[in-house]
Amino acid sequence: MNCNSCQRLLLLQADFEPVPAEVAAHLAQCRACRRWQDQLVRIEKVIPTLPVPPSQRKEAFQTEVLRGVEAEPVAVPMRRRWNSWQWRAAVSVAAGIVVLAGAFLVNSLMRTSVDPQPVADQSPPPKKPRPRLLETTLTAKLLNKNLDLSEETDPEKRLATLSSLASAIQDEGRSVSDVAEAKDLDKLAELYGKIVDQGIVARAKALPQERRRSLDRVRDKLAEAGKEAEKLARDTAPEKAEPWLKMAAISRRGQDQLSALLEEATP
Amino acid sequence: MKLFVPTAVVFTLAGFLVAQEPVIPERLDQLRRDMPLIEVLVGQGIQLADESEPLNKARSFQELTKTLVANIRDAADHGQEVRTQRLGSLLQTTLESGVAENLASARQQIENDPTKTKELRRLGEQVLEITQPLDPTLERPPTSEHKLLQAAGKTVQPARIAIRKILNPTR
């Protein structure tokens, strides 16, 4: 006996009457059919507990069927009428579908009630990015950084922006280094020093100790800037070395101050 | 055909070298001319790094507006078309992203504070007054410097309108 025949015969069983020997033999060796039988038994048990919505349609349908049966009792071949086991099978399958759908619905409802409702996003909608200038000139670069500083509220991010502000000044110096006079570079070194001392170091000091860990990145950037300034001082004409040495000294001083702040914050 | 690849490589390299930003005296001239503005911008950056009040931030950009308008007028007086245009763009961004954005933020925060609301209005009106000489609708003599001013004024006009709307939202 194959699984198909076994399951069909199980469906034909009335109530919980003993199964035929051949079906029992198949069930003894087939795990899938045993599971199928268990499900069938569970469904049959649950059917009487299913709520049935009030309906006039059922009665009308029964009357209609009976009228038809009475009108042509002989014309309808026995094969076309469902006998009791066919009805049972159909009802069982329908009930199974209803039970499964019900279980799915209950499961969904439970999940909905147990799972926390997604909280409406209370954070403000993402801000439209503010227009920025194409960074072709130092003034455009500085204005963009200032707009970032105006928009940014996080002190660590502001420090990073100040650091890039200082880099912009140094980059400009490097760009014009060959054609500039010492006084031009000196002016840039002065501005660089202002940003490092009054901006970076001052803001770093204002950072609470627990937030000073991020200072290492700014310090490293200053260290790099210092090395580059020293290199430029070596490579440039002697009369223009002084502003670069000045920038290197400012970087080193800033680096030392940030290191001290970091040490203070280290337990 | 055999020469095509080496030739293309040579030309590509040459193009790459040409495309590198050349350090030209114009850049130095520009740096020198812009130095007063650069000093203002550096000072402003340091100040903004320690500022949290939108009204104060707007005031900081108002100060920058003054410097920029003065520079634009100077550039126009000297017939410096490129510089006038460049500064006009800087001013437009300053007004739009600096002044207007912060005035709008401040407005939301101080809705129930009549003193600060009054301060906000005064600040906005001052910015409009400072930029008034650039108003493109002003009648001007048809001189070249006035044409330059008018062009810069057209650039900043959307930002001026935005500020006016913040001051008079019902209009």
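A: This is a predicted model, and for chain A the mean pLDDT is 79, with 70% of its residues reaching 70 or more.

Q: Which elements of chain A have the lowest and the highest mean pLDDT?

A: The lowest mean among the elements of chain A is 58, for helix α4 (residues 57-71), while the highest is 97, for helix α8 (residues 182-206). There are also stretches where the pLDDT is below 50, including residues 72-78 of chain A, which have 1 contact in the model beyond near neighbours in sequence, and residues 111-121 of chain A, for which 1 contact of that kind is likewise found.

Q: OK, and what about chain B?

A: Chain B averages a pLDDT of 88, and 85% of the residues score at least 70. Within chain B, confidence is lowest in helix α1 (residues 4-19), at a mean of 62, and highest in α3(B), at 96. For the model as a whole, the scores are ipTM 0.83 and pTM 0.65.

Q: How does α3(B) sit against α5(B)?

A: The axes of α3(B) and helix α5 (residues 114-130) of chain B come within 10 Å and cross at roughly 15°, which means that the two helices are roughly parallel. The crossing is left-handed, and the residues in contact include Leu55(B), Ala58(B) and Val69(B) from α3(B), and Leu120(B), Leu123(B) and Ile130(B) from α5(B).

Q: Switching to the two chains together, how do α7(A) and α2(B) pack?

A: Helix α7 (residues 155-176) of chain A packs with helix α2 (residues 25-48) of chain B at an angle of about 165°, their axes being 12 Å apart, and therefore α7(A) is roughly antiparallel to α2(B). Their crossing is left-handed.

Q: Which residues make that contact, and what kinds are they?

A: From α7(A) they include Leu162(A), Leu165(A), Ile169(A) and Glu172(A), and from α2(B) they include Leu28(B), Leu31(B), Ile38(B) and Val42(B). The contact of α7(A) with α2(B) divides into 10 nonpolar, 2 polar and 3 charged residues.

Methods:
Residues numbered from 1 in each chain as written. Chains lettered and ligands numbered in written order. Predicted model: local features only at pLDDT ≥ 70, side-chain atom pairs only at ≥ 80, totals over all residues. Heavy atoms only, no water. pLDDT = per-residue confidence, 0-100. Helix = DSSP H or I, 4+ residues; strand = E, 2+ residues; numbered from the N terminus. Contact = heavy atoms within 4.5 Å. Axes fitted to C-alpha atoms, helices over the stretch in contact; angles between N-to-C directions. Parallel < 35°, antiparallel > 145°, perpendicular 65-115°, else oblique. Left-handed = near helix turned anticlockwise from the far one by under 90°. Nonpolar A, V, L, I, M, F, W, Y, C, P; charged D, E, K, R; others polar.
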